[in-house]
Amino acid sequence: MNGNYGKFASLHPLPAALHMLFVIFITMFSQSPVMLAVSLVGGAAFLLTLDGAKRVFSDFWFYLSFFLLIAITNPLFSHDGVTPLFFMNGNPVTLEAFLCGIDIAAMILAALIWCRCFSIIITADKALFLIGGTAKKLALVLSVSIRFIPLMKRKWRQIKNAQIALGYYSEKGLVAKLTSSLRVFSALVTWSLENSVETGMTMRARGYGAGKRTNYALCRFTASDGAFTAFSLVLAAFSVFGMACGAFSFDFYPRLSPSLISSGDIGFVFAFAALSFAPFILEVTEAVRWKYLRSKI
Amino acid sequence: MEILTLKNLSFTYPDGDGKAIENVSLSVREGEFVVICGRSGCGKTTLLRLMKNELAPVGKKEGEILFRGQHAEDIDAKTSAGSIGFVAQNPESQTVTDKVWHELAFGMENLGYDADEMRLRAGELANYFGITGRLHSDTATLSGGQKQLLALASAMTLSPEILLLDEPTSQLDPIAASGFISTLQRINRELGMTVILSEHRLEEVFPIADRVVVMKGGRIVCSDTPRRVCELLGNDPISAGFPSAARIFSGLDGKGKCPLTVREGREFLSSFEKKSLPIEEKTHSPEVAFSMKNLWQRYERNSPDIIKGADIDVFKGEIFSLLGGNGSGKTTLLSVIAGIEKAYRGKLTVLGKNIKKYSPAELHRGTVAMLPQDVSTVFIKNTVRDDLFDICRAVGCSKDEAEKKIAEICGELSITEVLSRHPYDLSGGEAQRAALAKVLLTEPEILLLDEPTKAVDACAKRVLTGILRRLAESGVTVFAATHDTEFAAEISDRCAMLFDGSVICPSCPQVFFRKNDFYTTSSSRISRGVFENTVTTEQVVALGKGADK
């Protein structure tokens, strides 16, 4: 479906979506700098393989300014912590609050990057396919509405042009322009009602409502999809278990926790790292295999 | 074996005066290709919709419809959806979903096909219709012709036993239309599919039809082989839509087998004495209506040029046709002249004044007006009358003045009866004339027409020709962009082709069409070699009458 992407994108949308939702979920509920760093780097590496360096770096300033904005905002408003760096308007700006700001910013940025990956991998039709498994009616309604948007846009242009040629848009001034647009809009509404009556008719003609509906399987669930589902389920469960045990707890206030992670909990970090880097590794091995195959030709 | 039988069928709409269908009896054999024709409003659509239970209009029905010996009302929805395929007129409104694959699968999903069956069926049909490469495209990116083919393909996924098609090509350009018709022929020949098709573009369907049913006022007036129909109704007004060969044949009172195709037409004419029609170049007024000098246009800075150095002078009171294929930029050029789009290079002079110096009000009130391709976009009110009054008010007429003007123009365009109707309820021809009335109320000196013969039947086309001629005589310049070679040959003072962004070879129709092999009229192809310089059926008939065998 995503012709230009690799192995991860060609997975069945269910394991792919599950995997990314797990990572986003764990990221959003962890405060541990180690976990966030793993998630952020894993996500960024994955995004690089999807979007390409050029695209990611052109968005780099957006990500950076977003990061800085949140990192700076926190110490300005939160004055907890025991190590004041300097005073502003009589309030202390503390080291703890500053580091906590960076942590929150990293968490939001990591979640954002994973969401971006999600939107690239789970395209509209894959999402509809996923919804269709449980909510068939909703999926169909969405599919019909998505088709309608470009249609409405084109019709809007056509009606507007026809009205311009009749001299309706010639008056200057905001009110006149607004009235003109309102006329076009009312014509558009009439047209779309008319159109949907006809669409309803063809739907009936093609057996809509005649019996139990099935859904066209856009993708097939293969053995490797199953394996990947199991892989992400196990690792995610293990990470969540670690989280529940407090392995990733890290406090900023009133003073920073003494160590980033205890040596006994390092196994959980590896589990989460495997989860976060899996998409990147899948994509990269595919690319490497291609190169290798091509060099043989 | 008979697959579909209508017995003494009559139908009355609840609010209608008189019967929409009156005492119709028809039986269709399996594998037959039946064409239903007649003027718009003759009951073609009602008849076709009655044949499929779910689409049957509400009203009083008498008589019987039998599908394989079973009453149509007794067939359950599932069987009906599966065994009777239906393709409607409008490609936009009969596309349901957003993706091509989903559109193909939609019917099968409704009938509960299982996953493997669906894949196989969709794959098979995508191959047959040549749309495998577009399976994952958005339906919105397809052209009208592609959408109609997709509608046909999705009807075919349910392996119907009979296909009903209600003017499926009326919204398509001639090239897409003939592509559609030949696909339909292929389905009929290769799969033995029974086809019932209502059409007004008869040139291509007559040669492939097994039977033609002609309707008038809800009755069947004739039901026979295409050849017999042409012989029987050769002098009826309905014959305006018949193939050129048949019209020439009946115009010349031919004896024997009526020709239907260009080849048969040439055989018929071959016994005639060779003759030549003098070329009539119409003298045009010396005044220029508008002129383009090296005009260039593109939509965005980085998009390709659509118009590349167009050069042309169009004179006052002239009817000028601009021909060209799909996407050749005809609509774009019209939009530039109408002041909707702007050219980025070159000069466009309208009535001796640069178009840039016009204010929008000046340009669109009394100078240039445009009838768009989709005439429904012209209307914004709930009745035709309201729409016409609205434009009069916008132009600045008093109420009495407006009433007088509207009465006058409605008489001229014969739309007085439809004034109180909703614009969307009109037939193709009526809607076009109503839209034309609205456009003409701005009293333009230059009238631009975009594909004026699309969605219009042969009779309405003839009426339009008359209207445009009268307009031109009264001094209005008519500039039409069209695909329709027959129409251009008949109406134009001059024709030109838009190719690769520039206007090529402006000349009178006789000169323009006589040498072309493909981009020409059927009459020209039929008469070539016997008669010289004849491009319309009228010209062939006129010359043929004088020629002894």
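This tour moves through the structure one selection at a time and states what is found at each stop.

The model is predicted: local features need pLDDT of at least 70, side-chain atom pairs count only at pLDDT 80 or more, and totals for chains, interfaces and linings use all residues. Residues are numbered from 1 along each chain as its sequence is written, while chains are lettered from A and ligands numbered from 1 in the order in which they are written.

**Stop 1: chain A as a whole**

Select chain A. Its secondary structure comes to ten helices and two strands; helices (H or I, at least four residues) and strands (E, at least two) are DSSP runs, numbered from the N terminus. From the N terminus on, the order of elements is α-α-α-α-β-β-α-α-α-α-α-α. The radius of gyration of chain A is 26 Å, well over the 19 Å that the globule rule gives for 297 residues, so chain A is more spread out than a compact globule. This radius is taken over C-alpha atoms, and the globule rule is 2.2 Å times the number of residues to the power 0.38. Along its principal axes, the C-alpha trace of chain A spans about 75 × 60 × 45 Å. Of the 297 residues of chain A, 33% count as buried. A residue is buried if 20 or more other C-beta atoms, placed from the backbone, lie within 10 Å of its own.

**Stop 2: a cis peptide bond**

Next, select A:Y253 and A:P254. The peptide bond from A:Y253 to A:P254 is cis, with omega near -10°. A:P254 is found in the loop between α9 (223-244) and α10 (266-296) of chain A. For comparison, most peptide bonds are trans, and most residues other than glycine have a negative phi.

**Stop 3: where the chains meet**

Show both chains. The contact takes 56 residues from chain B and 43 residues from chain A; two residues are in contact if their C-beta atoms, placed from the backbone, lie within 7 Å. On the side of chain B that touches chain A, the largest share, seven residues, comes from α3(B). The residues of this side divide into 28 nonpolar, 18 polar and ten charged. Here Ala, Val, Leu, Ile, Met, Phe, Trp, Tyr, Cys and Pro count as nonpolar, Asp, Glu, Lys and Arg as charged, and the others, Gly among them, as polar.

**Stop 4: two domains of chain B**

Colour domain 1 (32-45 + 76-242) and domain 2 (317-341 + 357-522) of chain B; the bounds come from an automatic or database domain assignment. The C-alpha centres of these two domains of chain B lie 29 Å apart. In chain B, 13 residues of domain 1 are in contact with 15 residues of domain 2.

**Stop 5: an enclosed helix**

Select residues 330-337 of chain B, helix α11. Eight of the eight residues of this helix are buried, so α11(B) is largely enclosed by the rest of the structure. Among them are B:K330, B:L333 and B:I337. Just after α11(B), B:G339 takes a positive phi of about 80°.

**Stop 6: two loop residues**

Which phi does B:E451 have? The phi of B:E451 is positive, about 50°, although this residue is not a glycine. B:E451 is in the loop between β18 (446-450) and α16 (458-473) of chain B, and is buried, with 22 other C-beta atoms within 10 Å.

Finally, select B:N533, in the loop between β22 (531-532) and α20 (537-546) of chain B. B:N533 has a positive phi of about 65° although it is not a glycine. With 21 C-beta neighbours inside 10 Å, B:N533 counts as buried.

Technical notes:
A residue is buried if 20 or more other C-beta atoms lie within 10 Å of its own, exposed if 12 or fewer, and partly exposed in between; C-beta atoms are placed from the backbone.
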